[in-house]
Protein chains: 2
Amino acid sequence: MTRIVTVGAAQMGPVQRDHSRTDAVTRMLHLMREAASRRCDLVVFPELALTTFFPRWFVEDIRQADHWYEVQMPSPETAPLFDESARLGIGFCLGFAELTPDGHRFNTQVLVDKTGREIARYRKVHIPGHENHEPDRPFQHAERHYFQPSMDGFGVWNAFGGRVGMMICNDRRWPESYRVMGLQGVEMILCGYNTPIHYVPDPSQDILQGFHNALVMQSGAYQNGTWVVGVAKGGVEEGVDSLAQSMIVAPSGQIVAQALTTDDELITASCDLDWCGRYTGTLFDFDRYRRPEMYGIIASQRGVTHPDGE
Amino acid sequence: MTRIVTVGAAQMGPVQRDHSRTDAVTRMLHLMREAASRRCDLVVFPELALTTFFPRWFVEDIRQADHWYEVQMPSPETAPLFDESARLGIGFCLGFAELTPDGHRFNTQVLVDKTGREIARYRKVHIPGHENHEPDRPFQHAERHYFQPSMDGFGVWNAFGGRVGMMICNDRRWPESYRVMGLQGVEMILCGYNTPIHYVPDPSQDILQGFHNALVMQSGAYQNGTWVVGVAKGGVEEGVDSLAQSMIVAPSGQIVAQALTTDDELITASCDLDWCGRYTGTLFDFDRYRRPEMYGIIASQRGVTHPDGE
C-alpha cells in the first residue's frame, strides 16, 4: 500500500487591518474548494491567517488587542471552514492568535481531519522579535509582547496515514524544531509563516530572505528525512512587504512545488511518505549514527559560553 | 580593529593507493606555498589527506591496515609541513588516520598555528558507513570498522584571532555538530571530507551529492552565524569518483568561494569574523531566543520513538 498524501499549500496575499474574519474565511473557502477539486487530502493555511499581522503595532495595554485573538475555535466566523472541510472530505491546518479562557495568549495552529474535527493543536515555541515598544523602527515586530511561548513543545500526530508535525514561522529557522519532530518519526511538517522582507536589526539580510527561507526548510527536510510544507501570508500588508515563496519540500531537500505570486495561490504536491525512509533508513538512521552523548549542551545550555577546547 | 582571517581551502585530487605520504606532502607543500603567496593566515587540507581513502577496502585483521595510520604527528614524512608552516608563517589544518600509542584508531584533524605548533586536535564524532564486510557493494565504506568515534566531542579553540572549531566529513550533515560549536561561540569551522558520489544504500541520492554538500554547510553556517570551510579530496581515486566542490561559506550562508576542478586547487577568502555577530547578535541571539527546555530528547534520545502528540 502506497502512502501518498496530496497536500495543498494555500498561500494568502495580504489581510489588511480593515478586513474582517469573514473576508479572510471567504478567501480560504475558495482555496479549500480548489484544493479539494485537485484531490488534496489536506490544505495548509498561513500563520495568523484570519487577521492582519497585528504584532507590527504596539499597544501598551494588551487588552486593547483582544479583538485580534480567537477565544473559541471554531467560532461563528470560522465555523464555515470546519463545515466545508467535513462536506468536502478534506483536512486543513490553520494558524491564528489564541486567547485561552485562563488568559494565555499563543500563536497557534490547529490540524483538522477530513471530518472537520480538530485532531491536534500546536503553539509556537520560538517567538521572535521584541517585548517592548521600539519607536525608532519603521514597523514593530512585537511578537514577544503579544504571545507567550509554548510550554508543550513540538508534537507529532498520527494523521492522514502518516506522522504529521507542525511548526510556525520563526520555528523553521531552528534546526532543533525539525530534530525534535524527527526523533518522533515525523514524515510531514506543516509550517505557516509571515516574514517581513525588511529585517530591521540587520538590513543586510533583506536581500537574502528568500534564500534563507528555502535554505532552512530544505536542510530541515533533508536532515530529518521529512516532507515540509511552508505556507506564507505574503505581499504588501499595511505597507509592510512580506515574503511569499510558499513551497513544498521533499525529504531529499528538493523543492517540488513553489508559489510564483505574492497573492492567494494554491500549490500542491502528491507526497509519498515512504520516500522518508530513503533517508531515515540510510544516511540518517538516527539510532545507528547519532551521538546524543555529545549533544548535551544543546539541551542544557541556552546561550553561548566560551570554554577553550584545549 | 578588524578581525579578518584569510583562509585557503586546499582541495586535493585523488591520492592513489601506490602514492606515498611524501608524494601527498609534496603536493600539500605546493598548495601551502601558493596559499602563503596569497596572504593566507591558514590553509586547510582534506580528510585523510596523506593516503588514499582506505576504508573502501576491508581487511579482517585490522592490523593489516596499520600502515595507513599515523603513529606520530609530525612524523619524518609529515615534518616538512610543520617546518614550512613555521618558515612561511602560515597555519594549517590536516586530516589523517591516527593510531594512538594505546591502540585506538581515530579519524583526526590537527590545527597548527603560524609557528608550526599543534594547537588543537579533533577526532571525528559521526562515523558513517558500516562495521562489517559487505561483499555485494561495488566498494566498501567501512569507516566504522577502521575508526572509533571520538569520546571528546566538538571543541572550539582561540586561534587566528577568533574562535575556531573543526569537524570531519559526515559530521557536516548533522545540525548538532554546528550547534555544539555554535554554543561555544564558534566563528570558523574547518571541515575536510571524502564523499563518494555513488551512495550505495540509496543511489537516488547520487545526483544530489553536490546539492546536499552545499545545503548542509550553508544552513549550518547561517543557523550558527559562522564561517565554514569545506575541503574535499575529490576526483576518481582507485576507481571511485568523489565529490570535489570545496567551498567557503559565510555566516549569511552564502558561498563566497568554490572550487571548479576535481584536482588540487586552492580557493581563498578573506573572512571578517565580525560578520558572525550580524547573525549571532540578532536573529540567532541564542540566549534571547533558544528554548533548550524544549530540546531534551535531542540529547537524551538516540533513535526514533513514536509517541502520539496528543
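Reader: How many salt bridges does the rule find across the interface of chain B and chain A?

Author: The rule finds 8. Keep in mind that this is a predicted model.

Reader: What makes Arg290(A) and Glu176(B) a salt bridge?

Author: The cut-off is 4 Å between a side-chain nitrogen of Lys or Arg and a carboxyl oxygen of Asp or Glu. In this pair the closest N and O atoms are 2.9 Å apart. That is within 4 Å, so the pair is called a salt bridge.

Reader: How many residue pairs are in polar contact between chain B and chain A?

Author: The count is 47, with both residues at pLDDT 80 or more.

Reader: Which elements of chain B supply at least two residues each to the side that touches chain A?

Author: Two strands do, β5 (118-123) and β6 (156-159). The helices are α4 (175-182), α5 (209-224), α6 (277-280), α7 (286-289) and α8 (296-300). α5(B) gives the most, with 8 residues.

Reader: What classes of residue make up that side of chain B?

Author: It has 34 nonpolar, 27 polar and 18 charged residues.

Reader: What are the contact numbers and the buried area between chain B and chain A?

Author: On chain B, 79 residues are in contact with 79 residues of chain A. The buried area is about 7300 Å². Carbon and sulfur atoms give 57% of that area.

Reader: Why are the two copies said to be related as by a two-fold rotation axis?

Author: A rotation of 180 degrees superposes chain B on chain A, with an RMSD of 0.0 Å. The shift along the axis is 0.0 Å. The two copies are therefore related as by a two-fold rotation axis. The same surface serves both copies: 100% of the contact residues of chain B recur in chain A.

Reader: Why is Thr226(A) called buried?

Author: Buried means under 20% relative accessible area. Thr226(A) has 0%, so it is buried. Thr226(A) lies in the loop between α5 (209-224) and β9 (227-232) of chain A. Beyond four places in sequence, its contacts include Val186(A), Met188(A), Val249(A) and Cys276(A).

Reader: What separates the C-alpha atoms of Gly89(A) and His126(A)?

Author: They are separated by 32 Å, and the two residues are 37 residues apart along the chain.

Conventions. Residues are numbered from 1 along each chain as its sequence is written. Chains are lettered from A and ligands numbered from 1 in the order in which they are written. This is a predicted model: local features need pLDDT of at least 70, side-chain atom pairs count only at pLDDT 80 or more; totals for chains, interfaces and linings use all residues. Side-chain values use heavy atoms; hydrogens and water are left out. Copies are superposed by least squares on the C-alpha atoms of residues with pLDDT of at least 70 in both. Contact means heavy atoms within 4.5 Å. Buried area is the accessible area (1.4 Å probe) that two parts lose on being put together, summed over both. A polar contact is a pair of N or O atoms within 3.5 Å; within protein, one must be able to donate a hydrogen and the other to accept it, and residues adjacent in sequence count only if both atoms are side-chain atoms. Helices (H or I, at least four residues) and strands (E, at least two) are DSSP runs, numbered from the N terminus. Ala, Val, Leu, Ile, Met, Phe, Trp, Tyr, Cys and Pro count as nonpolar, Asp, Glu, Lys and Arg as charged, and the others, Gly among them, as polar. Buried means under 20% relative accessible area, exposed over 50%, partly exposed in between (1.4 Å probe, protein chains only).
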